[in-house]
Each structure stands twice: as C-alpha cells, then as structure tokens.
Amino acid sequence: MTIVGQPISRIDGRLKVTGGARYTADIPLRAVAHGAFVYSTIANGRTVSIDTADAERAPGVLAVLTHKNMPRMNPQPWSHLRPQGQTYLPLQDEQIHYAGQPVALVVAATLDQATHAGTLIKVAYETNPPAVFDLRTAKQDAVEPPQRMWPLSSSVGNADKAIASAAVKIERAFTMPDRHHNQMELHVTLAVWDDDGTLTLYDSTQMVVGTKKLASLVLSVPEEKVNVVCEFLGGGFGGKSCSWPHTLLAALASKVVKRPVRLQLTRAQMYSMAGHQPATVQTIALGANRDGKLTGIRHDSINPTSVFDPYVEYAAMASRHLWRATGGISTSHKVVHVNRNSPIMLRAPMEAQGHFALESAMDELAYATGVDPVELRLRNDTDTDPYSSRPFSTRALRECLTKGAARFGWDKRKPEPRSMRDGRYLIGQGMAAAIYTHWRWPGKARVTLNASGSALVEAAAHDIGTGTYTTMAQVAADALGLTPDKVDVRLGNTRLPESHPAIGSATAANATAAVMLAAQATRDKAIEVAITGHDAPFAGAAANDVVVADGRFTLAKTNLNITFAELLTRNGLSSLVGDGDYNPIEEVNGPKAIFSFSAVFAEVRVDPDFGLVRLNRFVGAYDAGRILNPKTARSQAIGGVIWGVGQALLEQSEIDPASGQFVNRNYSGYLVSTNADIPELDVLFVDGFDEEASPLGAKGLGELTEVSVAPAIANAVYHATGKRVRDLPITMEKLL
Ligand code: MOS
C-alpha cells in the first residue's frame, strides 16, 4: 500500500499542539535586545527634524536609529520580483512616501523600554497632500507599468467586434477593496551576527532563500555568510512572500548595538510595514449568443500601488484562460501610483479578484439568456487554453461541475430570484467555476537513510501550514519502503538544499517532487550496496529485482531479504545520502497549459430586514490532479473557503483619504471569518494524475480553493434577494 494518497495526520501535529514547535518569536536568544519602530503620521512629505534626545536618555535604551545615523544599505536597485522585496528602504533618507513608514527604530534592553522611549521622540514634518486611490478618477490616473510576471495586456481575436455584434451583452464594473493578510502570526525578525561576520536571520517568512539573497545584496554580505531560518509559520497568506524593510533594519540595528535584536511588528504596524492586496477596479464585457455561448470577453483591471514599486494585480488573468469565446478575448492591467507601501500577493492573488468579476458577470449572462448557470459553464468549456492555444494538460472542470452540482442538489434550485425561503429568511443558491495557475519551479532536496533504519528529508522549502512536513514524509516513505513515522523532515533553513518559496500553492508539486527524486536516489544507492557492497546479500542480482518495502530489501523470486539497518551496518555505513534536483521546464514553455480547476456551490440565508448574509452550506469540487493526502488537502480546502467567505462578506481595509492612513488596523476593525461564520463545508476532489504538472501528478491546490467562493456567494445573494452587489464585501448597507 502506498503512503501517498492516505489521509494520514500531520507528523508535526503533536509538536504544534504541545507548544514544542518553535515559531520565530519564540526562539530563545541570549542577550537579545528589542526593537520598536516609531512611524510616520503623514503619508507624503519629509521629516524636517527628529528630536531623539529624551529617548536616548530613557531607561534601557541602547540605540535610537533614524535616517541620520542608520548605516546605509546598498542603494543598488534590485528587481521587485527576484529577490522579492519592497524596493524603498526607510531610515535611509528624510522622505516620507506612506503613512506608517518607519521614521525611527529604538533598540533597548526590553520591549517595553524600547516602546516607551519611542513615545519620547518628537518628529516635525513638511507635509504634502497624499495621493490616494480614488475609484472615481482611477481611469484617468492609471498608467501602464513595466511588465512583471505576465504580459500586461492580451488580445486573441477581436473581442470588441465580437461583443459589439453579440445578441446578448453584459458590461459591468466590479470593485474590490484593499485587504490585509491578517494572518495570526505577526511579522518578526531575530537578527544575530557571529564574531566571524555570519548573519543569522530567524525570520517569519515564506521564502528563506529569497530573504537570504536579498539580505546579502542589500547588506553587502556574501551569500554564504547569511543564513535564514523559519521552521514554522503561523500563517503567511502571501504577506511573507516578500522581504519587508524591518527584516533588513533588524540586521543593521543588531550590528549597531552588537547584540542580537528581536524586532516584531505590532498588528497595527503590519498594515503599513508589510504588504496588502490592493483594491481593484475591473470592467468586464461579455458578448454571447442567445444560447449562452460566449463570443467575446473583455476584462480590464486597475489597481493602486506604491510610488516606488509597480505591483500589478493580474485580475484579468482569469478571463484569459477559463472560458472559450469564439470571437476573441482581450485583457489589460494598469496601476495608479499613490502614497502607500508596496502591495503584495494575498491568498490566491490575481485569481480571487478576477474571478469575482468574471464569474459574477457569467451569472448575469445566465439570467440574461435563461440558461442555467451550471449548463452555461458546460457550454463554454474548452479543452484548449484560449490564450496560448495549447491543450490543457488535464482539465476535469466538467466533472467538478457535474459532481459538485449533484452533491449540492443543484437540480432542486428554483431559478427565479426571491423564490426560495426558509421562514422569514430568503434562501439563495449560487455557483461559480475557477481556474488556478499551476507553477513549475526548480527545487533541491536531500534524503539521508540512517543505519538505524530511519530517514531524514531536508530542503530549504516551507510548511506554511498546509501539511508539507507530512506529505514530504509520505513521498519519501513510499520511495524507501518505510512507514512515515520513520521519516523526519527538516525545512525552513538556508543551510539545507535550496528550494523555492512557499507561494503559489506550488510546494506539493515542485519542492515535494525534489524530495521524491532524492529519496529514489538514496534507495538506488542502497540497492547498489546490496548488490555490490563488500557484504552484498544480493551479489550479482539485477537492481530491478530488488523490492523495497517494510524497511527492508527483498530479492524477487527468492527468500533473500535484509533490513536497511542491517545492510548499512554490515557494510560499515552510518548513512547513505541521495540528492534530488528537480528542474522542470517552465510552464510557459511547456507543450501543455497547466492549471487546476474547481466548481463551487453556495447557499446563503439572508435576513430580509437587516440585510445580514449567512453562509448556510457549501460544496466545493476540485481538480488539483493527484491528491497526496486527502486529510491535509481537505483542511486546505476548508481554509481556502473560509478565506473566500471573508473576501465575500467581511474583509476591507479602509483608507482615510485626508491622511492616507489605513484606519481599521486591528482585528476589531478588520473583520475576518470566525467559527460562527462558517457552516459545515463539503469538499470533494476529482482525483487524477497530471504528468505534465509534476512527477507526483499533483497540481496546485491550496489557493485554488479560495477562488470563486466570493462570486458563488454573491450569485447566491442575488438569487436570494434580487440584488446584484458588484462591490465587495457584501455588507448589510449594500443590501438594505
Ligand atoms: Mo500565496 S498569496 O501565492 O503566498
């Protein structure tokens, strides 16, 4: 029986629930000093004076650092993409580009002393009015940024012509607010310099390797002298997929005070010192025949970004790939530079926002044509990626639609709005489909087989909370014929073989594929020893005849067998090491278009007097290729749906246009889904093996499950109430 595919529990579960897992802020360091930031109250201008005299005399203070005395970082610019980090570094000049920008960093013996001393600093500013993102002027203010991950605009066929001559047209604007990651674990960095000039950064990050590269570049320390460690993450959600200035500033502060420094952002500071998802204004136009078949799609998106980084939220990507449109598809993206810190990816970036527009518009098309929403999507399904004209590697969207609809009981839905009730409540049912980008990234891993018969997996990848420790153990266990309890996994340390960041829901298909290759290499070495070692139990046998199972090798068609432990010991080996180097061709250059897919179904209950929307039940059907562990996969799906409920109904970061500040900077002002918001969630996987996606057959899963939850809920709200809300979140005021 293979271990991959089994719903085994997390191997790190006990460690986590007993407090044995060390999260970054918990790591004990001797003689550690604490940093506290003082931040700008204005969003645009410069500091004229910073009076630090009282702070310097305050108890426990070791250093008060401002742009005047902070050591300079390497001004050589780097790409916003690789290594990934906000390019503007505070405390290097007197400029203020965003509210909440650090203007001073106090280092003291205790956190309280540092925070207190910070309150004694007096800052005088020269203030200019902030540029803020304004929905009314977004179109005039928008500019074309330099291209980032994908082309900014696309055009296949002639969408405008197709839409202009279509029998049915839908043209709508959709808006989504700024949102913050609001993961539980705060951003925190512990910086330690050894006597030989080696820098260790314990950093809560989704990318130890990227952080190492950026720190090396910006701090001018050779890469081999920088080590970044993050073994456990208490949530990242994309907010830790980029290095933020505090990490680099912690390293510099530690150098100044000649002690380790712990620098943890407060929750309020995370709103301006780490990233956020920018708002989007999207316009979408669909043209279709009367039978609902799409003839044209146009999708344009604008998002705000900082004045120094051109972050593009590729919201219109969804429309490039999801549906066929016979006449053409065109998309575009622009940005508006405003006074804020740099945005960054957040929980299914691009897709989650783009699908709200596309799949809401598809629901409007369903009503305009009288075609059932599931049937409409079946009619517009395609085996070929409309954007690249390549066939999809695998696309089980039809199964997701039909199996999900059956599980949900979609056939019992009455199509007319306001036609279903439960007592005084309005009941609504809505659905949406989704496509999610699959990434193929290189990664390395090492697997060591010990003379004790246990194995160790090592990679500078991460378990962001999705179960990577467990699935990697499963994959190694299968290759080595071990049970997963015999496999230890070490991740999150740049001293381990280089792997890719925990972003894009890519770890199961890529970093884990490297583990498989490494484990197979180790197994092959062991077989080699069994055949050619000085004490070779299978001397002269063919490697193909050696069966690896239950912690031992058995020679086929004989009774000969030996445990790993015995084999290694008898041959005088304490261990065997195998390396895995997974180096796939990039997806864009492959022969197939690789994406994962879903169809999701939501039922809402709306209080007609108060406009309060509750999710009643939910069914999600997912095609993410082969499911390595149904239990951790289900947990990911539940998490993703919960994010989606937040996007649909709760989350928004509000900016005060006068000051340019995010104003609701805590969990009481920024609402996220809690247990009471979430009913029983039903998820099903259309299991399959996608050989183009990964040698493990897996496609990206985690973030896929967030996508299209919001339009499914919005479509259900329309069905319940007859009100189409095109501006997230769907709050009571918008329904009253
Ligand atoms: Mo995810 S937002 O790609 O970390």
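On a 1 Å grid over the protein atoms alone, a cavity is a set of points where a 1.4 Å probe fits but cannot get out, and a residue lines it if one of its atoms lies within 4 Å of a point. This is a predicted model, in which local features need pLDDT of at least 70, side-chain atom pairs count only at pLDDT 80 or more, and totals for chains, interfaces and linings use all residues. Residues are numbered from 1 along each chain as its sequence is written, and side-chain values use heavy atoms, with hydrogens and water left out.

**Cavity and pocket**

The largest cavity is lined by Tyr98, Ala99, Gly100, Tyr271, Ser272, Asn339, Arg340, Asn341, Gly660, Gln661, Phe662 and Arg665. Two or more of the lining residues come from each of helix H8 (270-273) and strand E28 (661-662); helices (H or I, at least four residues) and strands (E, at least two) are DSSP runs, numbered from the N terminus. Five cavities of 30 Å³ or more are counted.

A pocket is an open set of points with protein on both sides within 12 Å along at least five of seven lines. Of the 18 residues that line the second largest pocket, Phe133, Leu135, Asp178, Ser653 and Ile655 lie nearest its centre. Volumes are the space filled by probe spheres set on the points, which are joined across faces, edges and corners.

| Space | Volume | Lining residues by class |
|---|---|---|
| Largest cavity | about 80 Å³ | four nonpolar, six polar, two charged |
| Second largest pocket | about 450 Å³ | nine nonpolar, three polar, six charged |

In these classes Ala, Val, Leu, Ile, Met, Phe, Trp, Tyr, Cys and Pro are nonpolar, Asp, Glu, Lys and Arg are charged, and the others, Gly among them, are polar.

**A three-stranded sheet**

Strands E21, E22 and E23 form, in that order, an open antiparallel sheet; two strands pair if DSSP finds at least two bridges between them. Strands E21 (546-549) and E23 (561-563) are at the edges with a single partner strand each, so one side of each has no neighbour in the sheet. Neighbouring strands are turned by 20° against each other on average, direction ignored. Three antiparallel bridges join E22 (residues 552-555) to E23, and Thr554 stands opposite Asn561 in E23.

Helix H14 (residues 511-532) packs on this sheet and touches E21 and E22, contact meaning heavy atoms within 4.5 Å. The direction of H14 makes about 130° with that of E21; axes are lines fitted to C-alpha atoms, for helices over the stretch in contact, and angles run from 0 to 180 degrees between N-to-C directions.
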